[in-house]
Structures are given as structure tokens and as C-alpha cells.
Amino acid sequence: MAPSDYNVGVKDLDYFTPQHIVSPGTPAEGTDAKGVPTLFQPLTIRGTTLRNRIVVAPMCQYSTASHGPATGALTDWHISTLGHYAVKGAALVMVEATGVQANGRISPNCPGLWSDAQIPALRRVSDFIKSQGALSSIQLAHAGRKASTCAPWIAGSQRTSGGKKKVSVRASEAAGGWPEDVVGPMGGEEFTWDEKKLDDEMGGYWAPRALSEKEIAELVQDWAKAAVRAVKAGIDVIEIHGAHGYLIHQFLSPITNRRTDQYGGSFENRTRLLLDIIQAIRAVIPESMPLYLRISATEWMEETEQGKKFGSWDVDSSIKLAKTVARLGVDLLDVSSGGNCIQQKLNPFDTKDYQTRIAARIRDEVKKDGGKMFIGAVGLITEAEQARNIVGGGAAAQQNGNAEIASEARAAVGMTESRNGNEPQADIVLVARQFMREPEWVLKVAHQLGVDVAWPNQFLRVRFQKL
């Protein structure tokens, strides 16, 4: 019997899983490369190659132990969910926001990488993702003043004495939380994320205490130590979470950062923490390892009372930051928006394409500055043609939402329109909730675009027939 007759397993695993004949989500053997849209062409970033341009964005699962020796460690749930996206063709699968410190988790049930004890579980997840031909990635994070809250389904099951549904619930010590160690650039009830006082039963967040300069320096090193652990776990790509109102974003914004020391005030001071983290991580990871950064390109606070009083983090701020981080070794900027202030004026869940247009403008400005950084678009990417056009150029995606949101979105579009309508808006798309609905989304998109892509060996009998 010839070696080619055997069902060959993936090497260097302590269990058997078949080596796919062709990596799922890539054009099938014999496909004419000229007819393959950019969305299904490979992309090399440093020492890694994405098999297509579709990435699974990090999605909080609130599914790790909150106490005991397995605190913060990934579980079989993560292999089941993240692994399935890899099986069905996603190019890169990213582990959700992972705390670089114990008090940096969003909830007591969020993952962490502050301890070597958390490495083996992460390696197990990473190994499976990579065994399916995808790249494994992790988003390193600190929740700052949005930490120590309960899983959203806990909030959803609770009502106030007046019968109102709660949006968030504070995690007490009894629930595994850390009420006395929620931190931010500023401290006190004035800086609670939802602007609710502790005696307000509608409140769902703790009041933070202000970090000292010594603690900030320690935080930078803890980010670097977590990056080293990620490398030991076999992770291919690291992303820094600087978006959605978590700690780094809190430092970037003049609304939430009113410090008077070297970490507050000027743009240079407010970005200092992030730039220090980037340089600390780049110094300890391999030269061949890509470093991504997620930012909220705007916090949608320009027209609010706070924004007019203190200034806000906006698209121009993000363009200036993007040019800087491109020179510091960030390989891809993952462009999101919002999340830092409850008063923000645009709801990202009701508008379809505003973030991709922002990504396009940043991409354009970085290229003009001579930067080599790639750009990722994220946010309500659900349709095949939409994803194809974002990375391949062509007509922009259509907007979705109610009249009020659409009006605000049109204003955002005017501010963020790309200069060249045929130029790609981004280099990759990051997709989250659509993968929850359809884990086979990559295969479905390929079918809808008429691209014949490889399927997992085990699923070949049910493979879509070419249109």
C-alpha cells in the first residue's frame, strides 16, 4: 500500500485528526486564479499567510472558570466553537479579549493570560485551530473601568424594583468580582462607565480607582509577559485591544483621561500607554510574528456636551495614531468604533457600513504617509458581495437601519469617504456574529460568489456544487 493511500494525520498532535487534502476555504485544485476575487486570495503578513481574507473577530463567551486552579483558562467550549470556524475555512481565528491581569477581565468568567498555568489550555485551542489550516490569534486586553461585570445573560435575567430590564450587572466579590480593584486613568463615581452612582439600582458598573504611574509601568510589562505566554502557547498572531472603551481606549480619550501627569493631557501623553505596550510586546515576540491593533476609530462624541467640553477621540486622532503605530511594528490596524461613553451618538448595532468607510479613509492616509500597515474592517459584515467589495474594491456596501441611525450614518460617511471608489476599503474583513449564526459562512460566501473552494475532508459528501 502506497503512503498516499493512507489517511494521513496532522503532525505533532497527541491525537489523530486528518490532514485536509486542500486547506478549507482556499480555491479548489484546478481553479483559474484569474477568476478568484481578492477575498479568496492569500495574504502574507510577516511570517504568516492567511489562506483567504476572512478573519473570525474575537467574541466574548464568558465561559471560563471564575475561581480555582483553572481560573481564566480556556476550555473544551473554545475548541468546539473556535475550532469549528477553523474547520470551515476561516483564515484566522482569534481568541476573545484575554486579561493580561486578573482585574483586567470583563467578567470573572472571561479568559486570562496572566499566569503560566493558563498556557496549556490556550495551546490546546491553538493547536486545533492550526491543525485545520487556519492561523490562531489572541486578543490581549484590559477592561479598565468596564471590568468586574457579570455575563450578559445574568443581566438579561434581572429587573429593577420598577420592572426595568438591566443592561449590565456588577460582579460582586461573592460572584468572583473585584469591586475594590476596578481601575482606569481616572477614579471615582464620576468616571463609572454608565454614569450611575453605586446606590442606583440601574447601575451596572463599578466606580474605578485611578492607576498610579508605577501601576501603569507594571501594566506595560504584564502585557509583554502575556505576549510571551501566547508565543509559548503556539499562537500565530497577537492583537492588542485598544477599542470599545476598555483601558487603552480610556487613556486615549480626553473625555475619560483627564490626568495631569505624563499619561494625560496632550495627544502624545494620552497615547503613551499604548505606544509603550506596542514597543514592549514587539521587543519580546519573534520578528516573524504579526502584531495587530484594534482601535475605536471614533467614539462618536464630537457633538455631545462632554465632547465639546473636553474634546474626544475621533477619526483624525486615529489617522494620526495609525501613522505612528505603523512605524512601531504594528502590522494590521483592526478598525472598529465606539464603546467608551454611554452618551455616544451613533449606535454601531444599527448601521451597516460606517466602520468600513472609516477603515478606507485610514488606509488611504497611511498609504500616502508611506506606511506599510494593513487595514482590517469589522462591523455588521454579513453578505458575500459586501465582503468581496470591501477587500476587492467596487461598490460600497449598502446601509441598513432606521431613519434616525441612517441619518447619522450618512454624516459619518461624508466624513470618512475613501478618495478612490475603486480602491479596496480594507485588506481583510473581521466577522463576528455572522459566524455565530453560520459557522460555515466562509463556504457559503464562496458558493454565492461562484468560487469553488476546498471543504474539510469529512464534509466533502455535502459540499456545495459549483454554481
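Is Cys60 buried, partly exposed or exposed? Cys60 has a relative accessibility of 27% and therefore counts as partly exposed, where buried means under 20% relative accessible area, exposed over 50% and partly exposed in between, with a 1.4 Å probe and protein chains only. Cys110, at 0% relative accessibility, counts as buried.

This is a predicted model, in which local features need pLDDT of at least 70 and side-chain atom pairs count only at pLDDT 80 or more, while totals for chains, interfaces and linings use all residues. Residues are numbered from 1 along each chain as its sequence is written, and side-chain values use heavy atoms, leaving out hydrogens and water.

A disulfide is a covalent bond between the sulfur atoms of two cysteines. The rule used here asks for a pair of cysteine sulfur atoms within 2.5 Å, and by it the count is zero disulfides. For Cys60, the closest cysteine sulfur is that of Cys110, and because the two are 5.1 Å apart, they are too far for a bond.

Turning to the helices, which are DSSP runs of H or I with at least four residues, numbered from the N terminus, helix 9 (residues 315-327) packs against helix 10 (residues 354-368) at an angle of about 40 degrees, their axes 10 Å apart. The two helices are therefore oblique to each other, since angles under 35 degrees count as roughly parallel, over 145 as roughly antiparallel, 65 to 115 as roughly perpendicular and the rest as oblique. In the contact (heavy atoms within 4.5 Å), residues of helix 9 including Val315, Ile319 and Lys323 meet residues of helix 10 including Ile358, Arg361 and Glu365.

Note on methods:
Axes are lines fitted to C-alpha atoms, for helices over the stretch in contact, and angles run from 0 to 180 degrees between N-to-C directions.
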